[in-house]
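The entries follow in the order in which I made them.

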Amino acid sequence: MANCRLCFLLLATVFVSFAEAHECSPTACHCSPVVSFSMRDAEKCDLCEATKKLQLDMNDMRKELKAMKNQSNQTQPGLASNDYDLYFTNAATSDYVIHHGLQITSAFTICFRVRTTDKTGNDRTVVSYSLLRNFNEILVNKMSAIQLLVNERAVKTGVSVNDGKWHHVCTSWESADGSWNLYKDGNLGASGSRFKTGYKTKTDGILTIGQDQDAFGGRFDSNQNYIGELTGLNIWNRVLSPNEIANMSKSCHLGEGNVKKWSDFKVGIRGNVRVITPSACEV
């Protein structure tokens, strides 16, 4: 069995290289068993099927590399540093903002302002941070009853902000004691402890705004994308104090994250996300 797999991988590698050299499309492969081996469990190695999958995977990697190269050229013209909103208008998988990497490990605070009337109860996602083997490393979703996820585990806060008014939301987490907090309009709405105590988040992931990643950097679901307006998203690598959060809640664009700041998200806009400038935010 082991010898079969080794031969299979070697042949697949050669076949993919040959196909690329001759611009072979994976759709041209009809997946008849071109190579088979006798094995104890009577399985057959279908080289063509695996080759097609490898080619599709490589195409996805090329698209991601192209997106990374073009990211620095995606800045929307005419925007002030942070005086703008992003408006996600439809239930669609094409609309989001994408960034690569997030320099936090043992603590974070994520703050933003939203205005939404979504009443579906779906897990509409504002922030999604995904790793190669862990798609819900950090997640903030469901504005009808906000949820915070860290390393696949969730806390349900019961705090809602989907009444069509602007609301300031801050959520924080700290590894040392597993403490977490959720603030709405400067006031503590929910909190707890012993949540992923001792866990360290990873820095080599993909951050998307407005979509929930069900795979690394993709596999979006139109039932999970954020619908509404968003502004003032900032991320820190520490837990902000209650006074800091209360002060920020008094103005639309106070505060600037030391990991990601709102002006950063002018880069990486995809699809039909509407950019509104100046900001329509109201306190």
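Before looking at any volume I noted what the word covers: a cavity is a set of grid points where a 1.4 Å probe fits but cannot get out, and its volume is the space filled by probe spheres set on those points. The model I am reading is a predicted one.

Entry on the cavities. I looked up the count and found two cavities of 30 Å³ or more. The second largest cavity has a volume of about 30 Å³, and I listed its lining as Thr116, Asp118, Asn122, Arg124, Lys142, Met143, Ser144, Tyr226 and Ile227. Sorted by class, that lining holds three nonpolar, three polar and three charged residues.

For the largest cavity I wrote down a volume of about 60 Å³. Among the residues that line the largest cavity are Cys111, Arg113, His168, Asn234 and Cys252, while the classes in its lining come to four nonpolar, five polar and one charged. I also checked which strands contribute, and β3 (107-115) and β12 (228-236) each supply at least two residues of this lining.

Entry on the sheet. I then traced an open sheet of seven strands, which pair antiparallel in the order β7-β6-β5-β4-β11-β2-β13. At its edges I found β7 (153-156) and β13 (269-270), each of which pairs on one side only.

Note on methods:
Residues are numbered from 1 along each chain as its sequence is written. This is a predicted model: local features need pLDDT of at least 70, side-chain atom pairs count only at pLDDT 80 or more; totals for chains, interfaces and linings use all residues. Side-chain values use heavy atoms; hydrogens and water are left out. On a 1 Å grid over the protein atoms alone, a cavity is a set of points where a 1.4 Å probe fits but cannot get out, and a pocket is an open set with protein on both sides within 12 Å along at least five of seven lines; lining residues have an atom within 4 Å of a point. Helices (H or I, at least four residues) and strands (E, at least two) are DSSP runs, numbered from the N terminus. Ala, Val, Leu, Ile, Met, Phe, Trp, Tyr, Cys and Pro count as nonpolar, Asp, Glu, Lys and Arg as charged, and the others, Gly among them, as polar. Two strands pair if DSSP finds at least two bridges between them.
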